[in-house]
Amino acid sequence: MCVPYVTSSLQEMKIIAGILAILAATARHGLTVDGHNDAMNRICGWYRQWQQESPAGPWWPQWITREQLACGQIRHPRPARASWCYGTPGISRALQQAAAVLADTALQRTAEQALAGCLTDPAQMKQVTSAGLCHGVAGIYQTAWRAAPDALTPAIREQLPRLAGLLRSRSAEIAVPGLLDGAAGLALAQRTAATPSRTPLSGWDACLLIN
């Protein structure tokens, strides 16, 4: 039986992914503390616990409530829209980065399968209604572009030309200034798509924790 709760409390999965990405990034640069890898393994175990399956591949819920934590079950019948901010792309990239540091090939394959499946799943992609970085096409492209060179298979890389075309087709949708939801973020991702063999000199997407 599910344990009832009075005060609603949401566990944002992407916040945990952000912590995981930071731990992986610092480890890659040789900056670790006691328990560093243990923390990464524990977070990866959390994602294994809440991993869901669909015909398109693995996915994770956007959030988990206190009630769902007590039940050990979620009530999301299908993946939410693809996005960097809280969808499968951002979570998959964090898991991919951590798995590479931990030399966990099985987890890395799972993360990459989730990302590639998300990018080719019409049900997830049709929910993407923004062109921006946070929860739009620009963020999806930039995340996939960063994940592709590290991937064990070409499945993610093969989707980049299609995503770049989608990004170009949405280029007129944002007129407001700003990085995450504005024209600046869109322009930066478009620059990446226009010169995909060049790594941004500024490393601007470090703020997204995907590089």
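Q: How much space lies in the second largest cavity?
A: This is a predicted model, and the values are computed from it. Rolling a probe the size of a water molecule over the atoms shows where empty space is left. In the second largest cavity, that space is about 30 Å³.

Q: Which residues line the second largest cavity?
A: Its lining is made of Lys-14, Ala-17, Ala-21, Gly-90, Arg-93, Ala-94, Leu-208, Leu-209 and Ile-210. Two elements give two or more residues to this lining: α1 (13-28) and α4 (88-102). By class, the lining has 6 nonpolar, 1 polar and 2 charged residues.

Q: How many cavities of 30 Å³ or more are there?
A: The count comes to 2. The largest cavity has a volume of about 50 Å³. Its lining holds Trp-60, Pro-61, Gln-62, Pro-79, Ala-80, Arg-81, Tyr-86, Gly-87, Thr-88 and Gln-124. That lining splits into 5 nonpolar, 4 polar and 1 charged residues.

Q: What is the volume of the largest pocket, and what lines it?
A: The largest pocket has a volume of about 160 Å³. Arg-28, Arg-93, Gln-96, Gln-97, Ala-100, Trp-145, Arg-146, Pro-149, Asp-150, Thr-199 and Asn-211 line the pocket. Arg-93 is also in the lining of the second largest cavity.

Q: Which element gives the most to the lining of the largest pocket?
A: That is α4, with 4 residues. Both α4 and α7 (137-147) supply at least two. The classes are 3 nonpolar, 4 polar and 4 charged.

Q: Now the rings. How many aromatic pairs does a search of the whole structure find?
A: It finds 2. Take Trp-46 and Trp-50: the ring centres are 6.0 Å apart and the planes meet at 55 degrees, so the pair is tilted. Both residues lie in helix α2 (residues 36-50). They are 4 residues apart, about one turn of the helix. Trp-46 and Trp-50 are both buried.

Q: What is the geometry of the pair formed by Tyr-47 and Trp-60?
A: This pair is edge-to-face. The distance is 6.2 Å centre to centre, with 90 degrees between the planes. The pair links distant parts of the chain, 13 residues apart. Tyr-47 is in helix α2, and Trp-60 is in the loop between β3 (57-59) and β4 (63-65). Tyr-47 and Trp-60 are both buried. Recall that Trp-60 also lines the largest cavity.

Q: On to the cysteines. How many disulfides are there?
A: The count is 0. A disulfide needs two cysteine sulfur atoms within 2.5 Å. Cys-44 is in no disulfide, and the nearest cysteine sulfur, that of Cys-118, is 19 Å away. For Cys-207, the closest cysteine sulfur is in Cys-134, at 11 Å, so it is too far for a bond.

Q: One last residue. Where is the place of Ser-83?
A: Ser-83 is in the loop between α3 (66-71) and α4. Its relative accessible area is 0%, so Ser-83 is buried.

Q: Which backbone atom lies 3.3 Å from a polar atom of the side chain of Ser-83?
A: The backbone nitrogen of Tyr-86 does. Tyr-86 is also one of the residues that line the largest cavity.

Technical notes
Residues numbered from 1 in each chain as written. Predicted model: local features only at pLDDT ≥ 70, side-chain atom pairs only at ≥ 80, totals over all residues. Heavy atoms only, no water. Phe/Tyr/Trp six-rings, centres within 6.5 Å; stacked < 30°, edge-to-face > 60°. Buried < 20%, exposed > 50% of the residue type's maximum accessible area, 1.4 Å probe, protein only. 1 Å grid on protein atoms, 1.4 Å probe; cavity = no way out; pocket = protein on both sides within 12 Å on 5 of 7 lines; lining within 4 Å. Points joined across faces, edges and corners; volume = space filled by probe spheres on them. Nonpolar A, V, L, I, M, F, W, Y, C, P; charged D, E, K, R; others polar. Polar contact = N/O pair within 3.5 Å; in protein donor to acceptor, adjacent residues only side chain to side chain.
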